[in-house]
Amino acid sequence: MNVHDAETGDLLIVPLFDEDAQRELIDAIGKEAFFSLLAAIPDEADRQLQEIEDAVRCEDLQRVRIAAHSLKGMASSCTALRIAAEARAIEQQADLNHLAAENVVPLAAAIEDTKDWLRQSA
């Protein structure tokens, strides 16, 4: 999937997961703990996406920033690069005070792609 950098507008190709970071995390915390961490992604991502969508509808950019930042951190911790990149883009757009509902669509797609990958990998 392609992600546009919010600052430069450059098109970036971002994989769903950072496979090198996954291997390092498995080595550090073990396979069982790692897969428990991955299992948390769908519910937490959906919760934060709902918060972002609600905040966008209310034009509450501070809520958008907070939810996008939280989602970015969770996704980064779980090695979910694409979700993290899209959440970062939303956070940056909110910082620039120009965020529209359609800007959330790529984040929702990244979350769905990640959930599909997790279901197939289970």
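This is a predicted model: local features need pLDDT of at least 70, side-chain atom pairs count only at pLDDT 80 or more; totals for chains, interfaces and linings use all residues.
Helix α3 covers residues 41–57. Its length was checked against its residue count. At 1.5 Å a residue, the 17 residues of α3 should span 24 Å. The end C-alpha atoms of the helix are 24 Å apart, which agrees.

The buried residues of α3 are Ile-41, Ala-45, Gln-48, Leu-49, Ile-52, Ala-55 and Val-56. Seen down the helix axis, these buried residues fall within an arc of 130 degrees, so they line one face of α3. The spacing along the sequence can be read with the geometry of a helix in mind. An α-helix has 3.6 residues a turn, so residues three or four places apart point the same way.

Beyond the helix comes Glu-59, which follows α3 and has a positive phi, near 55 degrees.

Gln-22 lies in helix α1, which comprises residues 19–29. Its relative accessibility is 10%, and buried means under 20%, so Gln-22 counts as buried. The side chain of Gln-22 makes a polar contact with the side chain of Thr-79, at 3.4 Å. Thr-79 is also among the residues that Gln-22 touches, once residues up to four places away in sequence are set aside.

His-98 sits in the loop between α5 and α6. Its relative accessible area is 47%, so His-98 is partly exposed. A separation was also computed between His-98 and Arg-88. The two residues are 10 apart in sequence. In space, their C-alpha atoms are 14 Å apart.

Two cysteines were examined for accessibility. Cys-58 has a relative accessibility of 53% and counts as exposed. Cys-78, at 2% relative accessibility, counts as buried. The structure holds 0 disulfides.

Definitions and conventions: Residues are numbered from 1 along each chain as its sequence is written. Side-chain values use heavy atoms; hydrogens and water are left out. Helices (H or I, at least four residues) and strands (E, at least two) are DSSP runs, numbered from the N terminus. Buried means under 20% relative accessible area, exposed over 50%, partly exposed in between (1.4 Å probe, protein chains only). A polar contact is a pair of N or O atoms within 3.5 Å; within protein, one must be able to donate a hydrogen and the other to accept it, and residues adjacent in sequence count only if both atoms are side-chain atoms. Contact means heavy atoms within 4.5 Å. The expected span of a helix is 1.5 Å times one less than its number of residues. The arc is that of the directions from the helix axis to the C-beta atoms. A disulfide is a pair of cysteine sulfur atoms within 2.5 Å.
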